[in-house]
Amino acid sequence: MPTESGSCSTARQAKQKRKSHSLSIRRTNSSEQERTGLPREMLEGQDSKLPSSVRSTLLELFGQIEREFENLYIENLELRREIDTLNERLAAEGQAIDGAELSKGQLKTKASHSTSQLSQKLKTTYKASTSKIVSSFKTTTSRAICQLVKEYIGHRDGIWDVSVARTQPVVLGTASADHTALLWSIETGKCLVKYTGHVGSVNSIKFHPSEQLALTASGDQTAHIWRYVVQLPTPQPIADTSQQISGEDEIEFSDKDEPEVDGDVSSDCPTIRVPLTSLKSHQGVVIAADWLVGGKQTVTASWDRTANLYDVETSELVHSLTGHDQELTHCCTHPNQRLVVTSSRDTTFRLWDFRDPSIHSVNVFQGHTDTVTSAVFTVGDNVVSGSDDRTVKVWDLKNMRSPIATIRTDSAINRINVCVGQKIIALPHDNRQVRLFDMSGVRLARLPRSNRQGHRRMVCCSAWSEDHPICNLFTCGFDRQAIGWNINIPALLQEK
């Protein structure tokens, strides 16, 4: 129809006008920089406590923001002119179609529809541009606050769990699908001990609260307690990798991109082959295990839908905790009280109370719509749960009906961990990201990931070590490596 060809011609002219205008904006960038040169020199001449490099970065970022918003303002004016032009043309076209004047209501309806479409386009353009600015700014900030310090490479298969010893010497432990658990020097990245007592995937590792004992859970339907003795090597200076990333390097990895292992890095370290104690009451994969407060009892979670409580000294089964309708995925103990929380594929997690020896109460938490991958305690009366439904929920143990905070993400969440002192939650994702949130659900940062560092496949677990001077957060994934990070917590909280 003629009216359609006229509209197409108008749209094409408008598009060409915007294109030519955008080209003119690009050409004038140099002149804009010249215009902003004087204020920048004046600012640089003022007294400031900020380092010159930081001030320079900030000035560049604010300059980019100013240019982007100027471009948006100009485009906004052009889009408004287009709205007026199209409204006028729409009124004229309405009379040509009907051969007579249309009612004001009909014209108003058509004009409103056209205006709303263009208004939506304007909003979309604005959001895309501003989000790009904010994303760029946050990326630079995250790299300054979250720095990769050390990579721990030596496993032959994916790493399911990572844990930090709670006694001296402080070492890092990893549990892998290659049937081994390794202990590492945090400072040097050297393997110190290799445990090979399991005949199945090692699914979790936890350290005794006061002795040099490790507890591992395995796909061979057992949990092992084994003693280790380590001698820490002399730490070497750690290279600063924080300046090795640029914003353009934040790209996706192929699943085939994995760290290369030159030989068996754990072959020259001491190997432990026999446990002190083997816990053997489950009829399925033991997916997780943990120490109760005091270290005299342990709890295990299994795919046989039960959790078992054991006496460490006698290895005897004390209680079998039943009630979940599907396989268990995780278990966790309270740091100061005799409380246990178990999570399951049945979309629930359960709180088991052993504080009163004569009464063992259980509370069921319902709120997720998919597998609860983990639930962990925080200081006080809170529990944090993560799920394959892409949410994390913070619960008050005194009010189980609904969560006090909900975090919604774009990917399934694996074994979470909470920095108890600062109440910061680390969320490892299936999509290879690790994000940090506070207990109220405010996003604090995302760990940097580039083509030179970061996890290349699904991140399985995270663990905080609040008192370590070099690394205070550790992550592990199915790319067969664990990573130690230094998180500047005061700066992170200040950014919030």
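The backbone oxygen of Ser201 lies 3.0 Å from a polar atom of the Ser218 side chain. That contact belongs to a predicted model. The protein has 496 residues, and 47% of them count as buried. Its secondary structure comprises six helices and 29 strands.

**Ser218**
- Ser218 sits in strand E7, which covers residues 213–218.
- Ser218 counts as buried because its relative accessibility is 0%, and the cut-off for buried is under 20%.
- Beyond its neighbours within four places in sequence, Ser218 is in contact with His198, Gly200, Ser201, Val202, Asn203, Val285 and Val286.

**Ile416**
- Ile416 is a loop residue, placed between strand E22 (405–408) and E23.
- Ile416 has 3% relative accessibility, so it counts as buried.
- Ile416 and Leu427 are 11 residues apart in sequence, yet their C-alpha atoms are 5.2 Å apart.
- Leaving out residues up to four places away in sequence, Ile416 touches Ser374, Val376, Val384, Ser385, Gly386, Ala426, Leu427, Pro428 and Ser462.

**Largest pocket**
- The largest pocket holds about 1100 Å³ of space.
- Its lining has 45 residues, and the closest to the pocket centre are Val164, Arg166, Asn417, Val420 and Trp464.
- Seven strands each give at least two lining residues: E2 (159–164), E6 (202–207), E11 (286–291), E15 (328–333), E19 (372–377), E23 (417–419) and E27 (459–464).
- By class, the pocket lining has 24 nonpolar, 13 polar and eight charged residues.

**Cavity**
- Rolling a probe the size of a water molecule over the atoms shows where empty space is left.
- One cavity of 30 Å³ or more is present in the structure.
- The largest cavity has a volume of about 50 Å³.
- Arg432, Gln433, Val434, Leu447, Pro448, Arg449, Gly454, His455, Val459 and Trp485 line the largest cavity.
- Five of these cavity-lining residues are nonpolar, three are polar and two are charged.

**Backbone details**
- Most residues other than glycine have a negative phi, and most peptide bonds are trans.
- The bond joining Gln168 and Pro169 is a cis peptide bond, with omega about -5 degrees.
- Pro169 lies in the loop between E2 and strand E3 (172–176).
- His179 is not a glycine but has a positive phi of about 75 degrees.
- His179 is in the loop between E3 and strand E4 (181–184), and it counts as partly exposed because its relative accessibility is 35%.
- Thr347 also has a positive phi, near 75 degrees.
- Thr347 is in the loop between strand E16 (339–344) and strand E17 (348–356).
- Thr347 has 24% relative accessibility, so it counts as partly exposed.

**Whole protein**
- The protein exposes about 25000 Å², and carbon and sulfur atoms supply 49% of that area.
- Among contacts between residues at least 6 apart in sequence, 54% join residues at least 24 apart.

Note on methods. Residues are numbered from 1 along each chain as its sequence is written. This is a predicted model: local features need pLDDT of at least 70, side-chain atom pairs count only at pLDDT 80 or more; totals for chains, interfaces and linings use all residues. Side-chain values use heavy atoms; hydrogens and water are left out. On a 1 Å grid over the protein atoms alone, a cavity is a set of points where a 1.4 Å probe fits but cannot get out, and a pocket is an open set with protein on both sides within 12 Å along at least five of seven lines; lining residues have an atom within 4 Å of a point. Grid points are joined across faces, edges and corners, and a volume is the space filled by probe spheres set on the points. Helices (H or I, at least four residues) and strands (E, at least two) are DSSP runs, numbered from the N terminus. Ala, Val, Leu, Ile, Met, Phe, Trp, Tyr, Cys and Pro count as nonpolar, Asp, Glu, Lys and Arg as charged, and the others, Gly among them, as polar. Buried means under 20% relative accessible area, exposed over 50%, partly exposed in between (1.4 Å probe, protein chains only). Contact means heavy atoms within 4.5 Å. Accessible areas come from the Shrake-Rupley method with a 1.4 Å probe; for residues, only the protein chains shown count as cover. A polar contact is a pair of N or O atoms within 3.5 Å; within protein, one must be able to donate a hydrogen and the other to accept it, and residues adjacent in sequence count only if both atoms are side-chain atoms.
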